[in-house]
Amino acid sequence: MLYPASKLPALGTTIFTRMSQLAAEHEAINLSQGFPDFDGPQLLRERVAHYIGQGANQYAPMTGTPQLRQAIAAKVARCYGAEVCAEQEITITCGATEALFAAISAVVRSGDEVILFDPCYDSYQPAIELNGGVTIRLPLLLPDFSIDWSALRGAIGPRTRMIIVNTPHNPTGAVLSDEDLQQLSVLLQGTNILLLGDEVYEHIVFDGLLHQSLLRFPELAERAFVVSSFGKTYHTTGWKVGYCIAPPAMSAELRKVHQYLTFSISTPMQLALADYLQAEPEHDQQLPAFYQQKRDLFNSLLADSRFSFSASAGTYFQLVDYSAISERSDIDFCHWLTTQAGVAAIPLSPFCEQPLEAKLIRLCFAKNTDTLQDAAQRLCQI
Ligand SMILES: Cc1ncc(COP(=O)(O)O)c(C=O)c1O
């Protein structure tokens, strides 16, 4: 049997899976893959159990339950002043991952160029390549991983179909400002370039910063797929429920892909999320303080270590520089850290096309105090 050549020859298993596996094998504290070691809100979990018990166990509508889509419309009106139509503009997806894949598949054709910022989340490029698209990766500028606007202006051309914008940014924790989005608006004026906004950490921003959703800017929202994930906001990454907001014409195309990718998303989860969004809307507002306390605790515990860092502006990740500790590559260092020091972290190079000048790794602080203390103790001994 001759199997066909791989469509993604350069791709192996994601770094998240590999590091989590290594952490389990060596019983290391897992600060690699981004998931909390605590549970989501009790009411939310009770509502899921309630709906399963009540028999809400058959297919949900293809676009999502009306209750959840309406709750999301109310949320984005409250948070971003955006009026979106629950019926035509919101689609519930299997996590943000499916929304990203469906959005890219819906609009990227063979030979289209999609601009990404380097480093970036690892699911974008394979989705673009599977659809015959070409990625143009523009390095973010150190030290704060800001966008190089003149490089972006230079990269835009007749084949540019889409730009992917991730704020708050995984893996760096950088957060785009109001001025950034104004710059983007000016740059896109008069073009037909689409945007894909990955905003899964929309409620995890620190030090009084505001999350600048594309939905706040009508001239950007009219060309944008905006993607978010309940996994990040409600500490339920294992449920894989997310959504995509886009203008009706763009949503219609996204739904054509979604209906054959997953068709619809878990009914009891959607009904429970809709109830919870209505019952405890303050959860989202309290999330910045909740995670800022964890960031500050973790960083204060790391103050005595040989790692150097500046505090993350958003997400539940902290980048740390290990150049005072080791000359190894980031992949080797993370392997060593997991197997020898008992703490698993994520190297940055799998998120990059261009090698980074700095020696940086990513640590996840979405963990209980005990976990953070134990991890920091180990990291301070290196
Ligand atoms: C930037 C970013 N986008 C998308 C996702 C995927 O989200 P989900 O688990 O909802 O599919 C993640 C998860 O880590 C992420 O960090």
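**Reading burial, rings and cysteines in a predicted model**

F16 counts as buried, with a relative accessibility of 9%. The model discussed here is predicted.

Q: How many aromatic pairs are counted, and how is a pair of aromatic rings described?

A: A pair of aromatic rings is described by the distance of the centres and the angle of the planes. In this structure the count comes to 18 aromatic pairs. The ring centres of F16 and Y121 lie 6.1 Å apart and the planes meet at 25 degrees, so this pair is stacked. F16 belongs to helix 1 (residues 15-25), while Y121 lies in the loop between strand 3 (113-118) and helix 6 (124-130); the pair thus links distant parts of the chain, 105 residues apart.

Q: Is Y121 buried or partly exposed?

A: Burial is read from the relative accessible area, and buried means under 20%. Y121 has a relative accessibility of 22% and therefore counts as partly exposed.

Q: Which residues form one aromatic cluster?

A: One aromatic cluster is formed by F38, Y201, F290, Y291, Y316 and F317. A charged residue may also be placed relative to a ring: R362 lies over the face of F317, 3.6 Å from the ring centre. Elsewhere, the charged end of K367 sits over the ring of F35, at 4.3 Å from its centre.

Q: Which residues of helix 8 are buried, and where do they lie around the axis?

A: In helix 8 (residues 178-188), the buried residues are D180, L181, L184, S185, L187 and L188. These residues lie on the same side of helix 8, because they cover an arc of only 165 degrees around the axis. The face turned away from that buried side carries the exposed residues E179 and V186.

Q: What covers the buried residues of helix 8, and which residue follows the helix?

A: The cover includes helix 7 (149-155), strand 5 (160-166), strand 6 (194-198) and helix 9 (218-221). Helix 8 is followed by G190, whose phi is positive, near 80 degrees.

Q: What is the accessibility of C79 and of C364?

A: C79 is partly exposed, with a relative accessible area of 23%. C364, at 0% relative accessibility, counts as buried.

Conventions
Residues numbered from 1 in each chain as written. Predicted model: local features only at pLDDT ≥ 70, side-chain atom pairs only at ≥ 80, totals over all residues. Heavy atoms only, no water. Buried < 20%, exposed > 50% of the residue type's maximum accessible area, 1.4 Å probe, protein only. Helix = DSSP H or I, 4+ residues; strand = E, 2+ residues; numbered from the N terminus. Arc of directions from axis to C-beta. Contact = heavy atoms within 4.5 Å. Phe/Tyr/Trp six-rings, centres within 6.5 Å; stacked < 30°, edge-to-face > 60°. Lys NZ or Arg CZ within 6 Å of the ring centre and 35° of its normal.
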